[in-house]
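Subject: Structure for your review

Dear colleague,

Please find below the structure I promised to hand over, followed by an account of what was found in it. I would be grateful if you could read the notes with the model open beside them.

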Amino acid sequence: MSVRTAGQSRSDLVADTALALLAERGMRGLTHRAVDEAAGLPQGSTSNLARTRQALLELAVRRLADREARVLALHEMPDPRAGSALLADALALATHRALTRNRELTVARYELALEATRRPELRAYFDATGARFRDQLATLVTGLGSADPARHTLSLIAWADGLMFSCVAGSFGAEAPSLEEVRAGLRELLDGMLGA
């Protein structure tokens, strides 16, 4: 399933394999032994890195956050003072990447999010790793001149999460919307929030 790439640490290989297993088999399919087998590692390798299930889930969450940071690339977003249209274009591209080229990663995120609803210790960890995305988005929304940045940040995240869930795991899962459709939706949302 996973093949170690040059320069990839064993920890990243285990975490990437765990994410792939979550997307393919769901939470029940994620075991230390399954990660060892899928990654082509000697039995016990995953346990050496993450002794407990909680440790394995935390490793997966940490790697998920790192990989999603590259997909979303919020640090590369245009200066919000350049206007909401440019920001909508950049956010649309990030959202579309999550829906298409990184669909497996998005499915793994939903598996982990659902598991976090049943494990308070994972919930705290999951929320803490996701805070950096919320904070970066809040900064962008504030820069656009939002009158209520906290509420507008929540609206943007809810819109994007709703779209991704519907198109990856929900009733619209057969086909992802085009980049142009995602962009149009984001422009409408931002224009409505900002009164443009």
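Arg-103 is partly exposed, with a relative accessible area of 26%, where partly exposed lies between buried (under 20% relative accessible area) and exposed (over 50%), computed with a 1.4 Å probe on protein chains only. Arg-103 is found in helix 6, helices being DSSP runs of H or I with at least four residues, numbered from the N terminus. Leaving aside residues up to four places away in sequence, Arg-103 touches Ala-98, Cys-167, Val-168 and Gly-173, a contact meaning heavy atoms within 4.5 Å. The C-alpha atoms of Arg-103 and Val-71 are separated by 11 Å, although the two residues are 32 residues apart along the chain.

Before going further, please note that this is a predicted model, in which local features need pLDDT of at least 70 and side-chain atom pairs count only at pLDDT 80 or more, while totals for chains, interfaces and linings use all residues. Residues are numbered from 1 along each chain as its sequence is written, and side-chain values use heavy atoms, with hydrogens and water left out.

Not counting residues up to four places away in sequence, Leu-19 touches Ala-60, Arg-63, Leu-64, Arg-67, Leu-105, Ala-108 and Leu-112. Leu-22, which lies in helix 1, counts as buried because its relative accessibility is 0%, and with the same exclusion in sequence Leu-22 touches Met-27, Leu-30, Ala-108, Glu-111 and Leu-112.

Helix 4 and helix 7 pack at an angle of about 15°, with their axes 10 Å apart, the axes being lines fitted to C-alpha atoms over the stretch in contact and the angles running from 0 to 180 degrees between N-to-C directions. The two helices are therefore roughly parallel to each other, on a scale where angles under 35 degrees count as roughly parallel, over 145 as roughly antiparallel, 65 to 115 as roughly perpendicular and the rest as oblique. The residues of the contact of helix 4 with helix 7 divide into ten nonpolar, two polar and six charged, with Ala, Val, Leu, Ile, Met, Phe, Trp, Tyr, Cys and Pro taken as nonpolar, Asp, Glu, Lys and Arg as charged, and the others, Gly among them, as polar.

Helix 7 (residues 120-143) and helix 8 (residues 149-168) pack at an angle of about 120°, with their axes 9 Å apart, which makes helix 7 oblique to helix 8. By class, six nonpolar, three polar and one charged residues form this contact; among them are Arg-134 and Leu-137 in helix 7, and His-152 and Leu-156 in helix 8.

For helix 8 and helix 9, the packing angle is about 160° and the axes are 11 Å apart, so helix 8 is roughly antiparallel to helix 9. This contact has eight nonpolar, three polar and no charged residues, and in it His-152, Ser-155, Leu-156, Trp-159 and Leu-163 of helix 8 meet Val-182, Gly-185, Leu-186, Leu-189, Leu-190 and Met-193 of helix 9.

With kind regards
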